[in-house]
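Hi,

Here is the structure I promised to pass on. Have a look at it first, and then read on for my notes.

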Amino acid sequence: MNVNLQNYANLKICAAVSGGRDSMALLHYLHAHAAEYNITLTALNCDHGIRGEASVRDSAFVAEYCKKNGIPLSRHVADAKFTDEGGARAWRFGCYLKEAEHCDCVATAHHLNDNAETVLFNLARGSALAGMEGITDQDFTALAGRPFKLIRPLIACTRAEIDEYIAANGIPYVDDDTNFETNYTRNKIRHNVLPALEEAVPGAARAIY
C-alpha cells in the first residue's frame, strides 16, 4: 500500500476501528510500522447500535483482535438509539474528541475511493470550491483544548490496494452488510456511479485525488 507515515512519526495515534476491511488494514499497518516510526498506538471502537446484534458482534471481534495483538483498546457504546447515519456520525466524532485527552490524533481508514465519492457527492449537491477539497487531515485543536487532529493515512491508497494488502497479510475482518445496500446515496455513488466513471475514464478516482 502507498502509505506515508513520516508525517505521523513520534505521535500517539488512536486508530478508529470498526472491524471492516479498511479499518483492519489501517490498524494492521500502523501496528506493523509502529516501532519504525516511534508511534504509540492505541485503538478505538464505537458501537452506535444502529445494526443491533451485528454491531455487538463487530465490536467483540475488534476487542478480541486487539487483545490478541497487544493493542490497547478504548470502547464506546452509545446510550441513545440512533435512527440515521448522521446522528451516529456526530456521536462518533464526540468519541474522537474524548480520545484527544490521551492521544495526538485519531486515524480513520478513509481511502482514495472514499475521497472520490465525497468529491462527486459534494459536486452533485452544488458545493462551492471547498467541497472539492475532498477528505484531508483536519485540525481540531480548538475543539479538543489541546493539539489534536483527525488523520487519514490510507487516503492515497485505492480500494484494490487495500484488498491486496488484506489478502497478502491474511488480515481478518467483518463485513457491514449496509455497505452493499444501494438505498443510501453514498452507496449508489460507490457501487454505480464511480465504477461507471472509472470505466469511461480509467484512473478517474486517482485523478480526482
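In which loop is Arg-152 found? Arg-152 sits in the loop between strand S6 (149-151) and helix H6. Keep in mind that this is a predicted model, so everything below is computed from predicted coordinates.

Arg-152 is buried but has no salt bridge. The nearest side chain of opposite charge belongs to Asp-137, 5.5 Å away, and the cut-off for a salt bridge is within 4 Å. What Arg-152 does have is a side-chain polar contact of 3.1 Å with Thr-108. Leaving out residues up to four places away in sequence, Arg-152 touches Tyr-8, Thr-108, His-110, Ile-135, Thr-136, Asp-137 and Gln-138.

Now the nonpolar packing. The largest nonpolar core has 32 residues, and Leu-5, Ile-13, Leu-27 and Leu-30 have the most contacts inside it. At least two residues of this core come from each of S1, H1, S2, helix H2 (53-69), strand S4 (105-107) and helix H6 (159-169). H1 gives the largest share, six residues.

On to the cysteines. How many disulfides does the structure hold? There are zero. Take Cys-14: its sulfur is 5.1 Å from the closest cysteine sulfur, in Cys-103, which is too far for a bond. Cys-14 is also buried, at 0% relative accessibility. Cys-95 is in no disulfide either, with the nearest cysteine sulfur, that of Cys-46, at 3.9 Å; a disulfide would need the sulfurs within 2.5 Å. Cys-95 counts as buried too, with a relative accessible area of 1%.

Last, some backbone notes. Asn-10 is not a glycine, yet has a positive phi of about 70°. Asn-10 lies in the segment before strand S1 (12-16), and counts as exposed because its relative accessibility is 54%. Asn-38, again not a glycine, has a positive phi of about 55°. You'll find Asn-38 in the loop between helix H1 (21-33) and strand S2 (40-47).

Cheers

Conventions. Residues numbered from 1 in each chain as written. Predicted model: local features only at pLDDT ≥ 70, side-chain atom pairs only at ≥ 80, totals over all residues. Heavy atoms only, no water. Helix = DSSP H or I, 4+ residues; strand = E, 2+ residues; numbered from the N terminus. Buried < 20%, exposed > 50% of the residue type's maximum accessible area, 1.4 Å probe, protein only. Core = buried A, V, L, I, M, F, W, Y, C linked by side-chain atoms within 4.5 Å. Lys, Arg positive; Asp, Glu negative; His and termini not counted. Polar contact = N/O pair within 3.5 Å; in protein donor to acceptor, adjacent residues only side chain to side chain. Contact = heavy atoms within 4.5 Å.
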